[in-house]
Amino acid sequence: MEFYVNGEKIDITLENEKTIRDVLKSFEEEAAKNDATTIGIKINGESVPAEKFEETVAQEIQDNTKIELNVLSKANLLDRLATSKARFNELSGKMSDVPVALQSGKDKEANTLIAVLADAIDEFCHTATLCALFPELYNALVIDGKSITDFFEEFAPIVADFEQSLETKDTVTSGDLCEYEIAPRLTSIAQSIETLLGK
């Protein structure tokens, strides 16, 4: 049997494990001790869809069985949150550059910054979703006294208005939204992560 974790081959010795399920169960018990969990499984090079999971893991281990796991730890998530914090802190300071760039005809510069913003928000939302695998981490992510879901429910219409103002080249509205709506919220996200990380 070949066993890989996050692309790295791991030497493991089977004890009483006979099926793929037995191996996964033993691994998950060890992973839980290290605040980690499995988020993806491939058996013999094929991803295991939910509907075939039970059937697949019931298979007996063979010499040529290849198990590949994608594992996420709480430490990974904290690192990703720290990266998001740094990005949002930097972006909140740069949001006032967007209207200036637009008014100066530097559309390319403004669009680059907007693309970086969209990417940062997308990455943070993905990380926050993964935090749900560790409820104590997810519940600790409170932004301006709101849960992540409530915060982004309020933020989404602002982002939509911002996109519309860019399409209609309404630089005044774009500028106001950047300065008074988006930048403060980016700061709030960064502060909530800082509180969570304790630094």
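This is a predicted model: local features need pLDDT of at least 70, side-chain atom pairs count only at pLDDT 80 or more; totals for chains, interfaces and linings use all residues.
View 1. Ile12 sits in the loop between β2 (8-9) and α1 (20-33). Helices (H or I, at least four residues) and strands (E, at least two) are DSSP runs, numbered from the N terminus. Ile12 is partly exposed, with a relative accessible area of 36%. Buried means under 20% relative accessible area, exposed means over 50%, and partly exposed lies in between (1.4 Å probe, protein chains only).

Residues are numbered from 1 along each chain as its sequence is written. Local features need pLDDT of at least 70, side-chain atom pairs count only at pLDDT 80 or more, totals for chains, interfaces and linings use all residues, and side-chain values use heavy atoms, with hydrogens and water left out.

View 2. Side chains of opposite charge can pair when their charged atoms come close. A salt bridge is a side-chain nitrogen of Lys or Arg within 4 Å of a carboxyl oxygen of Asp or Glu. The whole structure holds 11 of them. One joins Arg21 to Glu54, with the closest N and O atoms 2.3 Å apart. This pair links distant parts of the chain: Arg21 is in helix α1, Glu54 is in helix α2 (residues 53-57), and they are 33 residues apart. Arg21 is partly exposed, at 34% relative accessibility.

View 3. Arg80 forms a salt bridge with Glu123; their closest N and O atoms are 3.3 Å apart. Arg80 belongs to helix α3 (residues 74-94) and Glu123 to helix α5, 43 residues apart, and the pair links distant parts of the chain. Arg80 is partly exposed at 26% relative accessibility. Glu123 is partly exposed at 32%. Arg87 and Asp119 also meet in a salt bridge, 2.9 Å from N to O. Arg87 lies in α3 and Asp119 in α5, so this pair ties together parts that are 32 residues apart in sequence. Arg87 has a relative accessible area of 25% and is partly exposed. Asp119 is partly exposed too, at 41%.

**View 4. How α3 and α5 cross.** Two packed helices are described by the angle between their axes and the distance between the axes. The axes of α3 and α5 come within 10 Å and cross at roughly 150°. That makes α3 roughly antiparallel to α5. Axes are lines fitted to C-alpha atoms, for helices over the stretch in contact, and angles run from 0 to 180 degrees between N-to-C directions. Angles under 35 degrees count as roughly parallel, over 145 as roughly antiparallel, 65 to 115 as roughly perpendicular, and the rest as oblique. α3 passes α5 in a left-handed crossing. A crossing is left-handed if the near helix is turned anticlockwise from the far one by less than a right angle, and right-handed if clockwise.

View 5. The axes of α5 (residues 107-131) and α7 (residues 148-167) come within 13 Å and cross at roughly 160°. α5 is therefore roughly antiparallel to α7. Their crossing is left-handed. For α7 and α8, the axes come within 10 Å and cross at roughly 150°. That makes α7 roughly antiparallel to α8. This crossing is left-handed.

**View 6. Two residues of α8.** Thr173 lies in helix α8. Thr173 is partly exposed, at 31% relative accessibility. Glu194 is partly exposed, at 35%. Its C-alpha atom is separated by 45 Å from that of Gln59, 135 residues apart along the chain.

View 7. Asp35 sits in the loop between α1 and β3 (36-43). Its phi is near 55°, a positive value in a residue other than glycine. Asp35 is partly exposed, at 37% relative accessibility. Asp35, Lys74 and Glu136 are linked in a network of salt bridges. Asp144 lies in the loop between α6 (135-140) and α7. Asp144 has a positive phi of about 50°, although it is not a glycine. With a relative accessible area of 48%, Asp144 is partly exposed.
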